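Here is a short report on one model.

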Amino acid sequence: MRTLETPTIELLEQLEPFAGIGRDELVKISSLMQRRVYESGETLIREADIATKFFVLIHGRLEVIKSIEGDEAETLNIIDHSGELFGEMALVEDKPRSAGIVAREPSEVLVVQKEEFLELVNHFPQFTLEVAKSISTYLRRTDSTLIGALEEKNRELEDIIHELQETRQALVDNERLSIIGKMASTILHDLKNPMTTIAGFAQLIGLKEMPYEEIVKYTKIIAQQVSHFNTLAQELQAFARGSSTLQLQILDFPGCINETLSNIQFNLAQQKMSLVTDIQGQAKINIDPHRFYRVYENLANNAAEAMSEGGTLTIKTYVNKSKLIMEISDTGHGMEQEIQEKVFDEFFTYKKHKGTGLGLAIVKSIVTDHKGEITVNSKFNVGTTFTIKLPIAKD
Ligand code: ADP
Ligand code: MG
């Protein structure tokens, strides 16, 4: 850095902050200033230093830099406009420098010490106005830089959320595939013994001396085994479909479940059980009614199995806040706590000969595919309630 002689009046007249100030006054002003030349790479202002002077660029190119992590620095701004003020912010605020300034080309500047700066501000309104203008330009630029940076961060966040959603979907798909794989091997494994039984009974029936009642008994066993496999096959299919094939439509509740309810009523009546309905709440819901039918069907089948000595299934619905609530309760044998915790697990079946353990896993996957939730609440020897919460669709 080199210090030159004080600036000439002609020089000051060319610089915007001093335009419009009379020659006599410029003479005084020039005596308050120093002229300096900084070589490329030299530091004019060190970040975090206490401010003791401010500058006006005569010519050259300066960079405003701020250190970030470690040794790295970020360029905040370039100063290359003749007459540009800089370093006045910290002086006005009486705060350490928020950034440093380095010459990028040989640059000539005017330097004003703090006391002289205050004198300039006190005596020359034109100069004060220039300082105010410079500060407000700086603030506006900082604002838009900040907003730009925020927008950039927002976009990054959106990208990350998008990626997470994709990963999550891939995981769900994978999980479904691995369950399907498990199911297929379970089916193959389960198939072996009963197939031998079926083949055995079929052969027995073929023998002439077989009494009629025996034949009826064996054909029943065969029919049961076959229907068990049918159920397995259906459930495998229902599970394999997943949410990708949901055909969601916005439908009016309760209209969209009328048919389901009358089917359930019919099935329960066949088994000498009754259905009580308390359908409240009108709402639009985003639903695939065919798939959702299986939710009711599976819950009603389980309830019927739990009420083999007779009982009542109650379906109660209502709207609470932005959710449609459905409660499906039975008066069956209920479950103990540790059973309740596992009922939605795939292949969990308890105290049954022919359970696949998939009924409630399917129920849950259909409900979640509808962005809903399902919970169970049961009392051993009293009964069980399943509660489904579905989001209400906006019109
Ligand atoms: P599965 O019916 O093939 O056993 P589910 O997934 O449908 O499989 O049900 C899992 C288990 O949860 C059943 O085996 C049963 O023990 C229990 N369960 C389900 N629903 C009820 C209910 N309404 N009352 C009592 N127990 C139930
Ligand atoms: Mg079941």
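## Basis

This is a predicted model: local features need pLDDT of at least 70, side-chain atom pairs count only at pLDDT 80 or more, and totals for chains, interfaces and linings use all residues. Residues are numbered from 1 along each chain as its sequence is written, chains are lettered from A and ligands numbered from 1 in written order, and side-chain values use heavy atoms, without hydrogens and water.

## Domains

The chain has domain 1 (2-123) and domain 2 (249-391). Their bounds come from an automatic or database domain assignment. The domain centres, taken over C-alpha atoms, are 77 Å apart.

## Helix H2

Helices (H or I, at least four residues) and strands (E, at least two) are DSSP runs, numbered from the N terminus. H2 spans residues 23-31, with Leu 26, Ile 29 and Ser 30 buried (under 20% relative accessible area; exposed is over 50%, partly exposed in between; 1.4 Å probe, protein chains only). These residues cover an arc of only 95° around the axis, which puts them on the same side of H2. The arc is that of the directions from the helix axis to the C-beta atoms.

Asp 24, Lys 28 and Ser 31 are exposed on the other side of H2. Cover for the buried residues includes helix H1 (9-14), strand S2 (33-38) and helix H4 (114-123).

## Helix H7

H7 buries Thr 260, Leu 261, Ile 264 and Leu 268. They cover an arc of only 95° around the axis, which puts them on the same side of H7. The face turned away carries exposed Glu 259, Phe 266 and Gln 270.

Key
Contact = heavy atoms within 4.5 Å.
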